[in-house]
Amino acid sequence: MPRIKVPRKSTAIDMTAMCDVAFLLLTFFILTAKPKTEDPVPVDTPKSATEVTLPEKGVALLTVGKGKVFFTIDGPEARKQTLLQMGTKYNIGFTPTEVKQFQTLDNVGVPIQQLKQYLGMDAEQRKALTAASKGIPTDSVSNELYNWVHEARVVEKNLTSKELLFSIKGDSNEEYPTMQRIIAILQKQKVNKFSLITTLRAK
Amino acid sequence: MVKKGGKVRSKKQSTRVDLTAMVDLAFLLVTFFMLTTTLNKPKAMDLAMPDKDEVNTEAPIAASRTMTVLLGSNNRLEWFIGEPGKSAPSVTGYGKDDIRKVLLDKKQSVQQSTGKSMFVIVKPSDKSVYKNVVDMLDELHITDNMAFAIVDITPAEIGLLKRDNIY
């Protein structure tokens, strides 16, 4: 019997819609990749084989590079309260505009006496001041880093009733004595557990 | 009259482009970005220091199962088991074949001879860099030596480092 030929229809699907969806997803992922926060000093973190990632919230960051240390607190409310408390401790009053500026800042890198000036400057001048300053003083005479850490912990306890975790992002070629000093300051407050930030490498 | 190659090309050609390849490329890029943004999160290596003020009330660990590692300058380190001066320290590097092998071997031998796990004391000198300390901790994690402590170096040990030219 002669085979009945079924009229064949075209099997090509119109891919336009699929293409649109794909590019939409792509755009979403590119935008949600967080924009890189610039470090105040060039920090080249050492490599390690640990695969544990840092928790998102409730972590304060100490950036150490070139013998200077910078302190970053997360969350605008926590920053505001820490600033105000540091202000009362050192008898420096901060105006609401300055507080707002501080909330947008990524990190603290100038001694508290210069902080008021720093908040009033614009981006270019700030960069210059950060490069010239020595970060937060870590010597025992001024005890500034100790106080920043202490106030941040108090604020975190008040806001979230959880302990503030500390992470240290240090430059690979940082001399050990600097790290020792910072760890000693943390240990003085009985902060004995912290995380060291590293980049992933194969074992 | 000019012949147009025999065929009259007045028929309009189809303008539909096959988008399959474009979609493949787009999904490849999406997968790439999905994976790389999770890897970008900085990894954290936990470090717990003993409490400074607390006096060590536990029984001191036997010297036969402690390994002391002194971190010197120029990415060199030396290690010895037991008390300083009793056994000659050996200078080695931070590579996979150097300190990792040593840690694994000694871990085995201490386990066999004393039945307890090895305790590693890391003493970084002033001439060592942060990278050395992190590498050392990393090697300890990789070789599963979880009993370790970072302490300050003593002048006698600085002397040992000087003697071996890594200070």
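**Exercise 1. Where in chain B is the place of Thr154(B)?**

Before we start: this is a predicted model, in which local features need pLDDT of at least 70 and side-chain atom pairs count only at pLDDT 80 or more, while totals for chains, interfaces and linings use all residues. Residues are numbered from 1 along each chain as its sequence is written, and chains are lettered from A and ligands numbered from 1 in the order in which they are written.

*Solution.* Step 1: look at the loop between strand 6 (148-150) and helix 4 (155-163) of chain B; Thr154(B) sits there. Helices (H or I, at least four residues) and strands (E, at least two) are DSSP runs, numbered from the N terminus.

Step 1: count neighbours. Thr154(B) is exposed because 12 other C-beta atoms lie within 10 Å. The cut-offs are 20 or more other C-beta atoms within 10 Å for buried, 12 or fewer for exposed, and partly exposed in between, with C-beta atoms placed from the backbone.

Step 2: find Ser125(B), 29 residues apart from Thr154(B) along the chain; their C-alpha atoms are separated by 9.0 Å.

**Exercise 2. What is the order of the five strands in the open sheet of chain B?**

*Solution.* Step 1: the order reads 4-3-2-5-6, with mixed pairing. Two strands pair if DSSP finds at least two bridges between them.

Step 1: check the edges. Strand 4 (90-92) and strand 6 of chain B each have a single partner strand, so one side of each is left without a neighbour in the sheet.

Step 2: zoom in on one pair. Strand 2 (residues 66-71) and strand 3 (residues 77-81) of chain B are antiparallel, with five bridges. Met67(B) has Ile81(B), in strand 3 of chain B, as its bridge partner.
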